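The sequence and structure are shown first.

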Amino acid sequence: MQQPRNFSLYGAVDLGARQAAAQRQQASAAASQGAAHSEYVFDVTEATFETDVLERSRTVPVIMDLWAEWCGPCKQLSPVLERLANEAAGTWVLAKVDVDANPQLSAALQVQSIPMVLGVIGGQLVPGFLGALPEAQVRQWLGQVLQVAQQLGLVAGGGQPEAPEGNADSDELAGLDELREPELAEAQQAMERGDLDGAADAFERMLANNPGHPVAAVGLAQVNLFRRVNSYDQAQARKDAAAHPDDVEAQIRVADIEMSLGNAEEAFDRLLGVIRRTSGEDRNKVRQHLIGLFEIFPPRDPRVTKARGTLSSLLF
């Protein structure tokens, strides 16, 4: 797949044209022949693009179907995309853009012919295809998009569960026992007495019983971070990283140290820099470690959002 490009609608839209575009959108919607829209298939306008496409793409891949009422091939492709979106049930969602009703958005997306299909992952545009492709080829392209989304650590099926605001340290875990989950109370008590292994064991048992539990996942990620950092000679780790910028293990150790000190952006930037400079197994190892550090934060933390966007651009 080709390199995605950063995209912002800001500055690309003539605000004076919004009223006329909205009127065209209303007329177009009335003539849309009752398209099979659902929670997974929805219309997007210039006014809603930022929220419904760019922001939503940070938790689930968004596929854009650019079409027009007069376009014959669009009427062949759109039902296929809508059916596949409904079958996917939230693994990805379909955003439909009427190019006649949204000329400024169409110009910003550099639409030259329709039907045109694009993907958006982590706020990044992913090149798609033109024309009414056979369903088998559409499925193949969707598979590539989902593979990249998986590499970015995005959770399929409508995004990641909400976690408490901020990091789940021992202070913030106080009071979680009121949720009446004994493993959480056990993890809290272990962390308060400095027993990281005991805390990890409690979180792991909780995740075994309730996979994906947001508090347990964040807590375990943080506990594992501190367990790793405690095993490092921090002074030596920094010397090794400075002397050997392409030493993957050395850079990972220092990224962990920075993260444990609360310097998340420095840790993310360090690992993203290694990903830029490496390939193959080394690159994949750093990518997996970076995704693991993302799990320490709530999914919409702005530092994670920024790093995911950069990682997305590096993976294509």
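## Buried residues of α11

Val248, Ala250, Gln251, Ile252, Val254, Ala255, Asp256, Ile257, Glu258, Met259 and Ser260 are the buried residues of α11. Buried means under 20% relative accessible area, exposed over 50% and partly exposed in between, with a 1.4 Å probe and protein chains only. Because eleven of the 13 residues of α11 are buried, the helix is largely enclosed by the rest of the structure.

The model is predicted: local features need pLDDT of at least 70, side-chain atom pairs count only at pLDDT 80 or more, and totals for chains, interfaces and linings use all residues. Residues are numbered from 1 along each chain as its sequence is written, and side-chain values use heavy atoms, leaving out hydrogens and water.

## Span and ends of α11

Helix α11 covers residues 248-260 and reaches 18 Å from its first C-alpha to its last, close to the 18 Å expected at 1.5 Å a residue. The expected span is 1.5 Å times one less than the number of residues. Helices are DSSP runs of H or I with at least four residues, strands are runs of E with at least two, and both are numbered from the N terminus.

At the start of α11, a side-chain oxygen of Asp247 lies within 3.2 Å of the backbone nitrogen of Glu249. Gly262, with a positive phi near 90 degrees, follows α11.

## The chain

The chain has 14 helices and six strands. Of its 316 residues, 48% count as buried.

Conventions: Polar contact = N/O pair within 3.5 Å; in protein donor to acceptor, adjacent residues only side chain to side chain.
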